[in-house]
Amino acid sequence: MKECQKSYFGFFAIVGRPNVGKSTLLNQLVQRKISIVSSKPHTTRHCIMGIHTEDIYQTVYLDTPGLHIKEKNLINRLMNRVAISCIADVELVIFVIEGIRWTPDDEMVLQKLRQSNIPVLLVINKIDYIKNKKRLLQHLCFVSHKMHFIDIVPISAKFRTNLNIIANIVRKHLPFGIHHFPKCYTNYCSKNFMVSELIREKLMNFLNNELPYSLTVKIEDFVLNNHGNYNIKALIIVERNSQKKIVIGNKGSMIKQIGIKARKNIEEFFSIKVHLTLWVKVKSGWVDNQYMLYNLGLGYNKDTKIVF
């Protein structure tokens, strides 16, 4: 009788303060765009699951919202709670920091990790921006005294520098276990969620620095038409009428640009033609309304580890 081949499976959380490159790292490790990316903090609002399967190894990476001290409203508190909940029951935490910076938010994340008693790999991202390598060496010395890390790896997620080192460390921490997902799976998010995120990514990239934090996207309709194409209707929710005017733009110019870019990305993601309709609605105070946040998929259930 042929002996069954051993397999390995495990969860790994990618954590850190906002805007350190966690989502870029996830996408590079999984080798597909799973998590949206922008230059603005708090782009990630949910725990995003990315799955990488190679031979007998299946790794599930959890991209988490950026942990931060200032909780201006309920949505910020929920994002912090989601990020902390993702740390539980993982094999290893990948703690990402940015270059040679160390902020109070980094210190706060470190305190949370100390309390978790889970092995931590420290990843120093964006080393491509550091011209003086002596400063990097000094920073390595500084952070090495912060906590007992299993290792410290300087990387550039954008240019894939040293990502093979992270993958090898992760593989060494994979326990025996059956694979939970088919080999072809790279994520475990619904189509509605992925579309809403791709639209929100375009909103964050097109609009000014403040507005993206006051808007979200809800998919109202998602159907396959008789021609084999997707008809998608998406609602962009903002807090004030002035924000609605900005999103729409002069004679609809802004929302048209956003729609064109979002449609192209959605078509690339699903490899199918898409007809996308966008409209904007004002819902004052949605970022502090627990019921509305729950209906938008931003709620938190204390009995579940991951909230999608």
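Reader: Before we start, what does contact mean here?
Author: Contact means heavy atoms within 4.5 Å. Keep in mind that this is a predicted model.

Reader: Thanks! Which strands does helix H8 lie across, and how does it run relative to S9?
Author: H8, residues 253-270, lies across S8 and S9, at about 135° to S9. Helix H7 (residues 241-248) also lies across S8 and S9, and its angle to S9 is about 155°.

Reader: Nice. What is the strand order in that open sheet?
Author: The order is S7-S8-S9, 3 strands with mixed pairing. Strand S7 (216-224) and strand S9 (274-282) are the edges, each pairing on one side only. On average, neighbouring strands here are turned by 15° against each other, direction ignored.

Reader: And in which sense do S8 and S9 pair, parallel or antiparallel?
Author: Parallel, over 9 bridges, with S8 covering residues 230-238. Within that pair, isoleucine 232 sits opposite leucine 276 of S9.

Reader: Switching to packing: which residues touch the most other members of the largest nonpolar core?
Author: Those are Leu25, Ile94, Ile166 and Ile199, out of 57 residues in that core. H8 supplies the largest share, 7 residues. Domain 1 (8-173) and domain 2 (191-296) each contribute at least three residues to this core.

Reader: What is isoleucine 199 in contact with, leaving aside neighbours within four places in sequence?
Author: Its partners are Val217, Ile219, Ala234, Ala262, Ile266, Leu276 and Leu278.

Reader: How many residues are in the other core, the one lying apart?
Author: That one has 35 residues, including Ile51, Ile87, Val120 and Ile130.

How values were computed:
Residues numbered from 1 in each chain as written. Predicted model: local features only at pLDDT ≥ 70, side-chain atom pairs only at ≥ 80, totals over all residues. Heavy atoms only, no water. Pairing = 2+ DSSP bridges. Helix = DSSP H or I, 4+ residues; strand = E, 2+ residues; numbered from the N terminus. Axes fitted to C-alpha atoms, helices over the stretch in contact; angles between N-to-C directions. Core = buried A, V, L, I, M, F, W, Y, C linked by side-chain atoms within 4.5 Å. Buried < 20%, exposed > 50% of the residue type's maximum accessible area, 1.4 Å probe, protein only. Domains from an automatic or database assignment.
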